[in-house]
Amino acid sequence: MLAIYKRELKSYFHSMTGCVFIAFLVMFTGIYFMAYNLNAGYPYFSYTLSGSLIVFLVGIPLLTMRSFSEERKTKTDQLLLTAPVSLTKVVLGKYFAMVTVLAVPNVIFCLFPLLIKLQGTAYLLVDYSSIAVFFLLGCVYLAIGMFMSSLTESQIIAFISTFGILLLLYLWDGILSFLPGSALSGMIGILLILTLIVVYIYHMTKNWMLAAGIEAVGIAAALIVYFVKSSLYENLLTKLLGRLALADVFMNISSSNIVDVSGLLLYVSILIIFCISDDTDNSEKALELGGARYAEN
């Protein structure tokens, strides 16, 4: 894993992708810092940092688009997948290299609250907590982008698909306002979510009986609840899907100074799920390669 990590980390700086990402994020945040903290005298760096979330929409896809798609396009993924290294270490090596690139501007951000402190009042605990959550949110986005890159050979498709998902998450609160709040629509939405979960389970296990059983039990339970107490489904989609507004966890710190522990756990859960999904996709690819080589022999 260490060799893969070093190779990936060097490639980000040799291709200037890492340097461009770091420079752009620091420059963008620096402009907000000068406007709000230095000129206007606002004491919270966390508020300034919230303006940099939009940089993730372009910066994260830029980092992740080549992680696996380039390997597939150049066929070098065959060397990785058949190397005497576990697929988990391959995925983690690539992922930690991207996390390291992301960590560089966040380390630089740690100097900004100290500059505010030199000018007067500063709230270091809030500011450093916001930097930590900002970094963790970026790690979640990296996991999503790496997963999208593992699904295609085209870096452009990987970039656009990751950008689309991150944009959707960025606008999530506004999108939820258009969802209907009736009990029937709530039940239908729950069944659609159940179906997506079942598809993911089948993708992970390849056991159609298990997937069909979960789907059948879920549908039966949803119908029973609807006929017994349909009011439970009212506005359920908005409440349930509202948790996917990932930026809200960071915004709670930057605007209200509230640390959402359940939101942090959600970050870690999503990160683990997408990293595991990367491992599964590459395991399937390795099995295909192994089967092809066996057929040739």
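C110 is partly exposed, at 28% relative accessible area (buried is under 20%, exposed over 50%, partly exposed in between; 1.4 Å probe, protein chains only). The model is predicted: local features need pLDDT of at least 70, side-chain atom pairs count only at pLDDT 80 or more, and totals for chains, interfaces and linings use all residues. Residues are numbered from 1 along each chain as its sequence is written, and side-chain values use heavy atoms, without hydrogens or water.

**Cysteines**
- C139 is buried, with a relative accessible area of 5%.
- The structure holds 0 disulfides (a pair of cysteine sulfur atoms within 2.5 Å).

**Helix α9**
- In α9, 19 of the 26 residues are buried, so the helix is largely enclosed by the rest of the structure.

- F163 lies in helix α10 and is partly exposed at 29% relative accessibility.
- Beyond its neighbours within four places in sequence, F163 contacts L57, V58 and P61 (heavy atoms within 4.5 Å).
- F163 and L57 are 106 residues apart along the chain, yet their C-alpha atoms are separated by 5.7 Å.
- L167 also sits in α10 and is partly exposed, at 31% relative accessibility.

Terms used
Helix = DSSP H or I, 4+ residues; strand = E, 2+ residues; numbered from the N terminus.
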